[in-house]
Amino acid sequence: MSQTPRTDWTRAEIAALFDLPFTELLFQAASVHRAYHPATEVQLCTLLSIKTGGCPEDCGYCSQSVHADSGVEATKLMDVQAVLQRAAQAKDAGSQRFCMGAAWRNPKDRDMPAIVEIVKGVRDMGLETCMTLGMLEPHQAEMLAEAGLDYYNHNIDSSPEYYERVISTRDFQCRLDTLDHVRKAGINVCSGGIVGMGETRDDRVGFVHTLATLPQHPESVPVNALVPVKGTVLGNMLADTPLAKIDDIEFVRTVAVARITMPRSMVRLSAGRESMSEATQALCFLAGANSIFTGDKLLTAPNAGDDKDGALFAKLGLTALQGEEPARACKSAVPAE
């Protein structure tokens, strides 16, 4: 197996992976996973909305958009101490990474001092830090890097072709530009997307292809299953239809292909997990997913909850990741035997 992950995948190669017999795909994904990651350890992360609602973007899946009639009320940026209190609670619950999201198109420079203070405070607790604040300018990425931010999340959402059917207030290249600013500032990249938005398998191929052919793979790749929220464009369009939930096997295939093509990345089961059966989640872990969000809420969407996760981990013999992720620990390391 190559010591350096490939970044020259073709769409045809990725499509061929999707088309493999399901058991063969899982075998290949599990083999790659075991070569690079502890087989039975899953990273626990906590996600907090530090500024909710009022976003001017028109993302069709998002309940926090001003274009949605979802009942989500806009709030101001949380007080620094309130955020740090929630971070301490997350650490006590066993989380390794504390992720914070603000519903902005992009942060204003006047917001940055508070954001910097939050990052420093959470890091001082010994937690990994991740922020998702929308698009970033290069100088803002540099400020976050100087504060010690470990990860910046900016999802590409879907394939370049399907993206414009979901969002019109920015284009796909804007997503890639922010990822480039983050990478150049020296911050680790967290970038994934959402499946089950009515896209085709070819769009899922394009989604994985975009991430797997970046000059450097994202250190974290969240894979979300759409939660159709009433009042959002996609929620109204897909709710109570056969398209409202992606087929479980197809979701697992997406996780497996992400694992094979981005072997050192943490592949995170994100939104939509609360509606998955234990068997589907187990298949995702077998396919190489090794990170989850804990707690009862993801920004404004429901989540499985700590108690259910603890019971599932006990049933599957999984434990919380304690060490550093392979992509960060040594980007040129030889895969583990």
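**Close-up views of a predicted model**

**Figure 1. Aromatic pairs in the structure.** The structure holds 2 aromatic pairs. In one of them, the ring centres of Tyr 163 and Phe 172 are 5.4 Å apart and the planes stand at 75°, so this pair is edge-to-face. Tyr 163 and Phe 172 are both buried. For Phe 285 and Phe 313, the centres are 6.1 Å apart and the planes are at 90°, so this pair is edge-to-face. Phe 285 lies in helix α11 (residues 278–286) and Phe 313 in helix α12 (residues 306–316); the two residues are 28 residues apart, and their pair links distant parts of the chain. The coordinates shown here and in the other views come from a predicted model.

**Figure 2. Surroundings of Phe 285.** Phe 285 has 9% relative accessibility and therefore counts as buried. Phe 313 has a relative accessible area of 9% and is buried. Leaving aside neighbours within four places in sequence, the contacts of Phe 285 are Val 42, Leu 269, Ile 292, Leu 312, Phe 313, Leu 316 and Leu 318. The largest nonpolar core has 87 residues, and Phe 285 is among those that touch the most other members, together with Phe 98, Met 131, Leu 144, Tyr 152, Phe 251 and Val 255. A second, separate core has 7 residues, including Cys 45, Tyr 151, Cys 190 and Phe 293.

**Figure 3. Val 42 in strand β1.** Strand β1 (residues 41–51) contains Val 42. The relative accessibility of Val 42 is 2%, so Val 42 counts as buried, the cut-off being under 20%. Not counting residues up to four places away in sequence, Val 42 touches Phe 285, Asn 290, Ser 291, Ile 292, Phe 313, Leu 318, Thr 319, Ala 320 and Leu 321. Val 42 and Ser 291 are 249 residues apart along the chain, and their C-alpha atoms are separated by 5.1 Å.

**Figure 4. Arginine charges over aromatic rings.** The charged end of Arg 97 sits over the ring of Tyr 151, at 3.6 Å from the ring centre. Over the ring of Phe 293 sits the charged end of Arg 268, 4.7 Å from the centre of that ring. Tyr 151 and Phe 293 are included in the second, separate core of 7 residues.

**Figure 5. Packing of helices α2 and α10.** Helix α2 (residues 22–36) packs with helix α10 (residues 248–261) at an angle of about 40°, and the axes are 9 Å apart. The crossing of these two helices, α2 and α10, is left-handed. On the α2 side, the residues that meet α10 are Phe 22, Leu 25, Leu 26, Gln 28, Ala 29, Val 32 and His 33. On the α10 side, they are Ile 249, Val 252, Arg 253, Ala 256, Val 257, Arg 259 and Ile 260.

**Figure 6. Backbone at Asp 157.** Asp 157 is not a glycine, although its phi is positive, at about 75°. The residue Asp 157 is found in the loop between β4 (151–153) and α6 (160–163). With a relative accessible area of 2%, Asp 157 is buried.

**Figure 7. The protein as a whole.** The secondary structure comes to 13 helices and 12 strands. The protein has 337 residues, and buried residues make up 57% of them. Of the contacts with a separation of 6 or more, 77% are between residues 24 or more positions apart.

Conventions
Residues are numbered from 1 along each chain as its sequence is written. This is a predicted model: local features need pLDDT of at least 70, side-chain atom pairs count only at pLDDT 80 or more; totals for chains, interfaces and linings use all residues. Side-chain values use heavy atoms; hydrogens and water are left out. Rings of Phe, Tyr and Trp (its six-membered ring) pair if their centres lie within 6.5 Å; planes under 30 degrees apart count as stacked, over 60 as edge-to-face and the rest as tilted. Buried means under 20% relative accessible area, exposed over 50%, partly exposed in between (1.4 Å probe, protein chains only). Helices (H or I, at least four residues) and strands (E, at least two) are DSSP runs, numbered from the N terminus. A charge sits over a ring if NZ of Lys or CZ of Arg is within 6 Å of the ring centre and within 35 degrees of the ring normal. A nonpolar core is a set of buried Ala, Val, Leu, Ile, Met, Phe, Trp, Tyr and Cys residues joined through side-chain atoms within 4.5 Å. Contact means heavy atoms within 4.5 Å. Axes are lines fitted to C-alpha atoms, for helices over the stretch in contact, and angles run from 0 to 180 degrees between N-to-C directions. A crossing is left-handed if the near helix is turned anticlockwise from the far one by less than a right angle, and right-handed if clockwise.
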